[in-house]
Amino acid sequence: MATSDAGAQAAFPIADGEEPWTQEELDDVRDELESDIARMERAIETAQAGLANLFDEGTEGAGRDPADVGSTNFERDQEMSLVQNAREMLEQAQLALRRFESGHYGYCEVCGKPIGKDRLIVFPRATLCLDCKQREERR
């Protein structure tokens, strides 16, 4: 293994008892984050197009059946929720990738301790260690 690879891998923190990052694992995490970003951008575009269609449908015809109006409103709310969720996931993936590239990836944003390699492999967008995430969810 080249010294530069070892240095790059050492820059990514691990939790107690974990093996150091391999270059393949780091490449996989980066690829997954980039893939998530592209997928979320496409999902947002698709959902926004669907939402635009629902808003257009909502303005057609003054004598629309109230059930149709209610159904359209429900669909619109669902699409708006999907767009918001996709935006939040996109922001998480973009933040994780920025942290990855800046050398801050893998450190908890709250306590500064390592998030844990195992957790990051399963959920690359994680920005909190398990302890801090559990505290956040209890609030």
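Glu-101 and Arg-30 are joined by a salt bridge in which the closest N and O atoms are 3.2 Å apart, a salt bridge being a side-chain nitrogen of Lys or Arg within 4 Å of a carboxyl oxygen of Asp or Glu. This pair links distant parts of the chain, with Glu-101 in helix α3 and Arg-30 in helix α2, 71 residues apart. Glu-101 counts as exposed, at 51% relative accessibility, whereas Arg-30 counts as partly exposed, at 27%; here buried means under 20% relative accessible area, exposed means over 50%, and partly exposed lies in between, with a 1.4 Å probe and protein chains only.

## Basis of the model

This is a predicted model, in which local features need pLDDT of at least 70 and side-chain atom pairs count only at pLDDT 80 or more, while totals for chains, interfaces and linings use all residues. Residues are numbered from 1 along each chain as its sequence is written, and side-chain values use heavy atoms, with hydrogens and water left out.

## Overall fold

The protein chain has 5 helices and 0 strands, and from the N terminus on its elements run α-α-α-α-α. Helices (H or I, at least four residues) and strands (E, at least two) are DSSP runs, numbered from the N terminus. Of the 139 residues in the protein chain, 29% are buried.

## Further salt bridges

The count of salt bridges comes to 6. Among them is the one between Arg-125 and Asp-36, whose closest N and O atoms are 3.6 Å apart. Arg-125 lies in the loop between α4 and α5 and Asp-36 in helix α2, so this pair ties together parts that are 89 residues apart in sequence. Arg-125 is buried, with a relative accessible area of 13%, and Asp-36 is buried too, with a relative accessible area of 8%.

Another salt bridge joins Lys-133 and Glu-136, with the closest N and O atoms 3.1 Å apart. Lys-133 and Glu-136 are 3 residues apart in helix α5, and are therefore separated by about one helical turn. Lys-133 counts as partly exposed, at 27% relative accessibility, and Glu-136 is partly exposed as well, with a relative accessible area of 38%. Salt bridges that share partners also join Asp-36, Arg-39 and Arg-125 into one network.

## Aromatic contacts

A pair of aromatic rings is described by the distance of the centres and the angle of the planes. Rings of Phe, Tyr and Trp (its six-membered ring) pair if their centres lie within 6.5 Å, and planes under 30 degrees apart count as stacked, those over 60 as edge-to-face and the rest as tilted; by this rule there are 4 aromatic pairs. One of them is the edge-to-face pair of Phe-12 and Tyr-105, at 6.4 Å centre to centre and with 65 degrees between the planes. Phe-12 lies in the loop between α1 (3-10) and α2 (23-57) and Tyr-105 in the loop between α3 and α4 (117-122), so the pair ties together parts that are 93 residues apart in sequence. Phe-100 and Tyr-105 also form an edge-to-face pair, at 5.3 Å centre to centre and with 65 degrees between the planes, and both of these residues are buried.

Phe-12, Trp-21, Phe-100 and Tyr-105 form one aromatic cluster. Phe-12 is buried, with a relative accessible area of 12%, and its C-alpha atom is separated by 8.7 Å from that of Pro-114, which is 102 residues apart from Phe-12 along the chain. The charged end of Lys-117 sits over the ring of Trp-21, 5.9 Å from the ring centre; a charge is taken to sit over a ring if NZ of Lys or CZ of Arg is within 6 Å of the ring centre and within 35 degrees of the ring normal.

## The largest pocket

The largest pocket holds about 170 Å³ of space, and its lining is made up of Gln-92, Leu-95, Arg-119, Phe-123, Arg-125, Ala-126, Thr-127, Leu-128, Lys-133 and Glu-136. The elements that give two or more residues to this lining are α3 (66-102) and α5 (130-138). On a 1 Å grid over the protein atoms alone, a cavity is a set of points where a 1.4 Å probe fits but cannot get out, and a pocket is an open set with protein on both sides within 12 Å along at least five of seven lines, lining residues having an atom within 4 Å of a point. Grid points are joined across faces, edges and corners, and a volume is the space filled by probe spheres set on the points.

By class, the lining of the largest pocket has 4 nonpolar, 2 polar and 4 charged residues, where Ala, Val, Leu, Ile, Met, Phe, Trp, Tyr, Cys and Pro count as nonpolar, Asp, Glu, Lys and Arg as charged, and the others, Gly among them, as polar. Arg-125, of the salt bridge with Asp-36, is one of the lining residues.
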